Amino acid sequence: MSSVKCLYCDKTIESFTLRSLLLKKDELCPDCRKKLKVTRKRIDLGEFQVETFFDYEGLFRDLLLQYKECHDEALKDVFLYDLKEYLGLRYHGYHLLCIPSSFKKREERGFDHLKAIFRTVQLVPLEGLKMKREITQEGKDLVQRRLMESNYIYNGPNVDKILLADDIMTTGSTLKGAFSCVKSHARKVKVISLAYKNITLHL
Ligand SMILES: [Zn+2]
């Protein structure tokens, strides 16, 4: 097997797990993979619940920042390496609708970071969710976050079931906004976010 370097720590990956031999090679070394711990949570937002998979801290946070802010597109597959089969089965029959980034951010990155992450999940993608006004994630205070709740429009098709997906959930304002836009366009809407950032711990 040719030598492969860990995308995070740059060490040559010498040991391979059974999973990585049988399925797709992991692009993280076993040490980094172990540190990227899946901690599944269910966050109740009243009208709906959000299933989350990582805490926004440590290695997960470093990787996501490198991917999103340093535009390191090669990292796209590391986040769902352990989760893509689960998501495909758990949400079988759902259309996948990713929360859009601002136009400015997409231009800067040159790729749609969330769609790229979720591309490996076997769900039919759905389009049509848009921001009314361009608000980027940085510097958003709680008041601006609340504005996000009315900042989406959906002009896509009606489908049976929609799975809304985001990367980081903090107050849930983005997801609440997106949920209220799409709920009348599907019989069922479920919501997931890669990570949960508990702001009571970060303020
Ligand atoms: Zn590593």
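Predicted model: local features only at pLDDT ≥ 70, side-chain atom pairs only at ≥ 80, totals over all residues.
Helix H8, which spans residues 173-182, is mostly covered, with 8 of its 10 residues buried. The buried positions in H8 are Ser173, Thr174, Leu175, Gly177, Ala178, Phe179, Cys181 and Val182.

The chain contains 9 helices and 10 strands. Its radius of gyration is 17 Å, close to the 17 Å that the globule rule gives for 203 residues, so the chain is as compact as a globular protein of that length. Along the principal axes, the C-alpha atoms fill a box of roughly 50 × 35 × 30 Å. Of the 203 residues, 46% are buried. When contacts between residues at least 6 apart in sequence are considered, 71% of them join residues at least 24 apart.

The zinc site comes next. The protein donors of the zinc ion are the SG atoms of Cys6, Cys9, Cys29 and Cys32, which lie 2.3 Å from the ion. In sequence, these donor residues follow the spacing C-x2-C-x19-C-x2-C. The angles among the 4 donor atoms run from 104 to 114°, and the site is tetrahedral. For four tetrahedral donors, the ideal angle at a metal is 109.5 degrees. Two of the donor residues can also be described by their accessibility. Cysteine 29 counts as buried because its relative accessibility is 3%, under the 20% limit for that class. Cysteine 32 is likewise buried, at 3% relative accessibility.

Backbone geometry draws attention to two further positions. Most residues other than glycine have a negative phi. Aspartate 10, although not a glycine, has a positive phi of about 70°. This aspartate is found in the loop between strand S1 (4-5) and strand S2 (12-13). Aspartate 10 counts as exposed because its relative accessibility is 51%, and the exposed class begins over 50%. Histidine 71 is also a residue other than glycine with a positive phi, here near 55°. Its place is in the loop between helix H3 (58-68) and helix H4 (84-90). With a relative accessible area of 32%, histidine 71 is partly exposed.

Strands S3 (residues 41-44) and S4 (residues 49-55) run antiparallel and are joined by 4 bridges. Within this pairing, arginine 42 has glutamate 51 in S4 as its bridge partner. The two strands form a hairpin with 4 residues between them, and glycine 46 in the turn has a positive phi of about 90°.

Glutamate 57 and glutamate 134 are 77 residues apart along the chain, and their C-alpha atoms are separated by 27 Å.

Notes
Residues numbered from 1 in each chain as written. Heavy atoms only, no water. Donors = N, O, S within 2.8 Å, 3.2 Å for Na, K, Ca; no water. Tetrahedral: all angles 85-135°; square planar, octahedral: opposite > 155°, others 65-115°. Buried < 20%, exposed > 50% of the residue type's maximum accessible area, 1.4 Å probe, protein only. Pairing = 2+ DSSP bridges. Rg over C-alpha atoms; globule rule 2.2 N^0.38 Å. Contact = heavy atoms within 4.5 Å.
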